[in-house]
Each structure stands twice: as C-alpha cells, then as structure tokens.
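Q: I'm new to reading structures, and I'd like a close look at one part: the packing of nonpolar side chains. Please walk me through it slowly, and tell me what the terms mean.

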Amino acid sequence: MTALERIQELTAQIPSSSWNIEISGTLCEVTPNHLRVKGLSGGVNLGDQVSYLSGTQEEFGEVIRIEPDSVLVKPYASRSDLGLGIKVKRRGELNFYPDNSWRGRIINAFGKPIDGLGTMAEGPSLASFNNLPPPPVQRARVKSPALTGVRVMDLFTPICHGQRLGVFAGSGVGKSTLLSMIAQSNTFDTVVIGLIGERGREVREFVEETLGDQLSKSVVVVATGDESPMMRRLAPKTAITVAEHFRDQGQSVLLILDSVTRYAHALRDVALAAGEPALSRGYPPSVFSELPLLLERAGPGIEGSGMMTAIFSVLVDGDDHNDPVADNIRGLLDGHIVLDRHIAEEGRYPAVNVLTSISRLAQSCWSTQEQELITKLKAMIAKFEDTKDLRMMGGYKEGVDPLLDQAIEIAPKIYNALVQSLDAPSSQDAFNELAQLL
C-alpha cells in the first residue's frame, strides 16, 4: 500500500463534519481565454468555483475543464492582475439566497446589488444557479390567457400564463422597445428582467424611463456587453433562479431575457476556451445542450404553485432567421414573434410580421368568433402583400377580384390600428380597440 492510499484510508475514517480542509492549487498558466491551475485535479468538479487574489482584490472563476495534472479555469472578471504561482482555492458550487424584498432592486450576475441602495436581505432557502426544471408530469397546465397590453400581440399572437415566447429580430428593429412595452403590463405579480450583453448606457434608461413605477415590483439582473463571457453566461441563470423563487410562492411571474443570443455567444466563448471543437457556424455542440436546460426551467411550476411566463429575445445575426441559434430556440419555445425590418422601415412599430408570427397556445386565448375573425384578417393581409408587385406595375383593376378589393381597403387600416408607441397607454381590450380604429 502506498503512502497516498494509506492517507486516504485513514481520512475515510474521520467524520466529514469534523473536516476543515482547504483545497488549493497553484496558477501555472495565464492566457486571455483561461487560467491553468496545478494541484486541483483530484479535488474539484466541473462547474466548481475557485477564488484567487488579483492584487489585493479577491476574484472568482469557474472550473471548465479537468485534466490529469491540471484544471482550466475561466475567470469572471474581464481583466485581472495575475502572475504565476498565485494560490487558487476551491469554493464549491455557486449559489445564493433570493428574497421577496429583492423587488425594486438591480443586481449583477452574482445576485449582488449594483444600484447603490445598500445590502439586500437573504432569503431562508438556498437556491442553485443550475436548478432542474419541474418534472414534466407534475407541471400545471397552461391555459389561462395573459394580457400583454401590446395590441398586435393580444390580437394575433396572444399568450397564456406560463407560456414561453421568443421575439426574433435583427439589430435596430425595435426588439428592446417591444420588450419594454410588455414589461409595463399589469397582468403579472412580479417581473424579472435579465439584460444580457446590453449597452451600459441603456440600463438606467430602461429602469428609469421604461419601468418607472413598475420597478417596485421588478427585479433587474444586469450583465453589460463589456463584462466577461462568464458573467453574461451566468446572468440568465440568475434571472431565472430569482423568477423560480417567486413562482414557487404561487405568484404569476413575467421573465424577460434580452437576449438569449448573447447568452449563446457567451456559452460559445466558454466552450471554445475549454477546448471544444467549433461545428455549426462556430458554435460547439454544448451550446445546443445548454440552451434547453435554461429555457425548460421557465413555464408553469408544479401543480398548485405559480406560473412563470417567459419572453426571450433572439438577436438574429444578419437577419437570417435560420441561423443555428435562432432555429434551435424556435423549436424549444411555445411560439415566436418575428420583427420585420421592412415593416420598421415603413415606420410601423411594433414591426411585427403577423403572417410569420405564431403563438402555439392561441387557441386557449381566442373565442370561436375571435379565431374566425383573426383568420379572415390574416387572409386579407396575405392577399394584400402577395399582390403588392402586381399593383405597383398597374396590373390591378377594381371589381375583378372582390376579395382583393376588400383587402386593399381593409389591410392599410389594420396596419394603422396596430401601430402603438412605447408612450401610448397599454391596450385593455384589443378586439374592441381594433373595431373602433377600423
């Protein structure tokens, strides 16, 4: 028996409750993408947190790869003052304690306040950033309509409490504005908003101008674009963990993540740093495994608890709605709203393309008459758009096709009725408002 085996045999006889052992290693490699630490391989698990001193400041990182003689660590800090030989300590799994008093606060990815309003109370229950979704057969059914206050959504893509919906758009098409309008809805008890990879200047604008009085019932999680990929990877988990806390108390929660694409970019950066091969447009395979783990946590809780309605924004790279991330997310959600650049260029906001947008639970929201009406309106809009080139060439003659005559008369009025600005009052009864505007 070797000396190491003898030590392991002796330590196994000591009650674990009496242990006070610090597991640490030594920094042996520093690169822009990762840190390599010797001496931790046998004492850490994948995903464990480690800490080290950067100057006089304690900083944290996560174990992203374990090798026989060393481990790779991805730091949470964007920049660090590090040198070889620095002591690196194991900290275990990352977790925190959400509390009801967090409403009205702005926090970072670690769940720490960044709004200058002092410390936050800790709740009684420990929450993990990597919670599993509720068992599928124990989840409540999704069937209660939820009013968003956005007229085009409540008409053509209505949602239910507990539904997960994606907003797909290129840059500058009004995606964040639409999410801001949804956040102002009074339908939900608590709103949790994750701003992932956003511009730093937009945070105060969103909180002070968009949320306004709604901040008192909201929790805002922020990881701006200048923060490290690790912070942008962690922030969506923070937001959804906070939302789970309120959902499990029986509340109706609205979760908004803007955007899931930047979360996927952060996953890609971390996976490439861990040595994974890039396959689909530069995305490693683990990205498409991590996305459903996050998205499936949203939705209804177990029977008898609350509902988490989730709106995920998806930034479509190059206006290609079939890029790998957008295509994967679309198949995981309960519906998608497509924002069209051509509609935005015409000055019609929200720039929702009602023909390509769909809510898979709309049948639970519409009455039979409402469903028939929406079907007819979509048919008119489709005929109006399909004959646009024909009409521009002078090939249209009034009276030849009565349905086309009706579409030409009604479709522009529908478009005008769907226009709604961020400052406009929220829609309360979309069908009656449409009838009055027509």
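A: Here is a walk through the packing, starting with a few ground rules.

This is a predicted model, so local features need pLDDT of at least 70 and side-chain atom pairs count only at pLDDT 80 or more, while totals for chains, interfaces and linings use all residues. Residues are numbered from 1 along each chain as its sequence is written, and side-chain values use heavy atoms, with hydrogens and water left out.

The protein splits into domain 1 (23-93), domain 2 (96-362) and domain 3 (369-436), with bounds that come from an automatic or database domain assignment.

Now the packing itself. A nonpolar core is a set of buried Ala, Val, Leu, Ile, Met, Phe, Trp, Tyr and Cys residues joined through side-chain atoms within 4.5 Å. Buried means under 20% relative accessible area, exposed means over 50%, and partly exposed is in between, using a 1.4 Å probe and protein chains only. The largest such core holds 55 residues, and Phe156 and Ile311 have the most contacts inside it. Helix H12 (residues 402-418) gives the most to this core, namely 7 residues; helices (H or I, at least four residues) and strands (E, at least two) are DSSP runs, numbered from the N terminus. Domain 2 and domain 3 each supply at least three residues to this core.

Let's zoom in on Phe156. Skipping residues up to four places away in sequence, Phe156 touches Val354, Trp366, Ile374, Leu377, Lys378, Ile381 and Leu418, where contact means heavy atoms within 4.5 Å. Apart from that core lies another one, of 51 residues, with Phe96, Ile196, Val270 and Ala326 among them.

You can also see packing between two helices. The axes of H7 (residues 285-295) and H8 (residues 324-332) come within 11 Å and cross at roughly 35°. Axes are lines fitted to C-alpha atoms, for helices over the stretch in contact, and angles run from 0 to 180 degrees between N-to-C directions. On the H7 side the contact is made by Phe288, Leu291, Pro292 and Leu295, and on the H8 side by Pro324, Val325, Asn328, Ile329 and Leu332. Sort those residues by type and you get 8 nonpolar, 1 polar and no charged. For that count, Ala, Val, Leu, Ile, Met, Phe, Trp, Tyr, Cys and Pro are nonpolar, Asp, Glu, Lys and Arg are charged, and the others, Gly among them, are polar.
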